[in-house]
Amino acid sequence: MVNDERLVTFLHSLDSGNGPYLDALQAEASGEGVPIIRQEMQSFLQLFLELKKPARILEVGTAVGFSALLMASFTPPDTEITTIENYEKRLVKARKNIASSPWSSRVELLEEDAAAALKRLLQERGEEIYDFIFMDAAKAQYICFLPDVLRLLSPGGVLISDNVLQDGVILESHYAVERRDRTIYKRMREYLYVLKHTEGLVTSIVPIGDGAAVSVKRERA
Ligand code: SAH
Ligand code: MG
């Protein structure tokens, strides 16, 4: 399902790349084992950006900047992107990759723990200011970030959460999951349940890449 190799190979064969800068960055990140978004997720994100046309995007989990810069490349020059990362080893590369890219003026890197960054954004910039949020950090923390993420999301805003099917682990019974994976498993199941059962939120879970959840915060009547 999520990992049907023939499907993935076929889908990749239809892609024509994202230009020299991003293609080089993707190759470098893959080579170094940095967990950037899977190729099938790229046009999926692009599709929602095209539909939503967000003015401000928030990303939780920058890694080395690939998806933030990809989103910048998919959007017009007045779209602002704020992205959060706290792992110094990745930050060194993210700073450099953003600064030397053609989109540096509209990608803002917040170098701090996401839980703190989200609180600070709410305090300093206010509620409902992002109309597109890409959740792509530590999977066990999604459930903790969610309340603040939803406060930051504007009515009509889109939240896309990546890696929600954990290579299929999420489908296993609790007993079949290795002890070390159980916390992530439990919290991700809870996260998906909450996304599906939160009043005012419409969510569809799609088995693309490593699994994506697409949620829309309904406009108030
Ligand atoms: N969005 C990136 C990939 C992100 S990988 C891309 O597709 O190009 C997930 C990143 O989230 C990792 O670099 C990890 O260091 C970061 N992360 C995990 N937990 C975090 C937290 N609590 N605060 C900030 N960053 C976090
Ligand atoms: Mg991811």
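**Questions on a sheet and a metal site**

Trainee: How many bridges join E6 to E7?
Mentor: Strands E6 and E7 run antiparallel. This is a predicted model, and in it the number of bridges joining E6 to E7 is six.

Trainee: Which residue in the hairpin of E6 and E7 takes a positive phi?
Mentor: Look between the two strands. The hairpin has five residues there. The one with a positive phi, near 60°, is Gly 209.

Trainee: Why is strand E7 called largely enclosed by the rest of the structure?
Mentor: Use the cut-off: a residue counts as buried under 20% relative accessible area. Strand E7 has six residues. It is largely enclosed because the number of them that are buried is five.

Trainee: In which sense do E5 and E7 pair, parallel or antiparallel?
Mentor: Five bridges hold this pair. Ser 161 stands opposite Ala 213 in E7. The sense of the E5 and E7 pairing is antiparallel.

Trainee: And how do E4 and E5 run, parallel or antiparallel?
Mentor: Ile 133 stands opposite Leu 159 in E5. Five bridges join E4 to E5. These two strands run parallel.

Trainee: What is the strand order of the whole sheet?
Mentor: The sheet is open and has seven strands. Its pairing is mixed. At the edges sit E3 (107-111) and E6 (201-206), each pairing on one side only. The order is E3-E2-E1-E4-E5-E7-E6.

Trainee: By what angle are neighbouring strands of this sheet turned against each other on average?
Mentor: Direction is ignored for this value.

Trainee: Which residues coordinate the magnesium ion (ligand 2)?
Mentor: Look for donors at 2.1 to 2.3 Å. Along the chain they follow the spacing D-x25-D-N. The residues are Asp 136 (OD), Asp 162 (OD) and Asn 163 (OD1).

Trainee: How many residues apart are Asp 136 and Asn 163?
Mentor: Asp 136 is in the loop between strand E4 (130-135) and helix H7 (142-152). Asn 163 is in the loop between strand E5 (153-162) and helix H8 (182-197). The pair links distant parts of the chain, and the separation is 27 residues.

Trainee: Is Asp 136 buried or exposed?
Mentor: The buried class lies under 20% relative accessible area. Asp 136 has 13% relative accessibility, so it counts as buried. Asn 163, with 16%, is also in that class: buried.

Trainee: Which helix holds Gln 42?
Mentor: Gln 42 is buried, at 5% relative accessibility. Leaving out residues up to four places away in sequence, its contacts include Asn 18, Phe 66 and Phe 74. The helix, residues 39-52, is H3.

Trainee: What is the relative accessible area of Ala 63?
Mentor: Ala 63 is in the loop between strand E1 (56-60) and helix H4 (66-74). Its phi is positive, near 55°, though it is not glycine. Ala 63 is buried, and its relative accessible area is 11%.

Trainee: To which class does Glu 128 belong, buried or partly exposed?
Mentor: Glu 128 is in the loop between helix H6 (114-125) and E4. Phi is about 55° for Glu 128, a positive value without being a glycine. With a relative accessible area of 26%, Glu 128 is partly exposed.

Key:
Residues are numbered from 1 along each chain as its sequence is written. Chains are lettered from A and ligands numbered from 1 in the order in which they are written. This is a predicted model: local features need pLDDT of at least 70, side-chain atom pairs count only at pLDDT 80 or more; totals for chains, interfaces and linings use all residues. Side-chain values use heavy atoms; hydrogens and water are left out. Donors are N, O and S atoms within 2.8 Å of the metal (3.2 Å for Na, K and Ca); water is not among the atoms, so sites may look incomplete. Helices (H or I, at least four residues) and strands (E, at least two) are DSSP runs, numbered from the N terminus. Buried means under 20% relative accessible area, exposed over 50%, partly exposed in between (1.4 Å probe, protein chains only). Two strands pair if DSSP finds at least two bridges between them. Axes are lines fitted to C-alpha atoms, for helices over the stretch in contact, and angles run from 0 to 180 degrees between N-to-C directions. Contact means heavy atoms within 4.5 Å.
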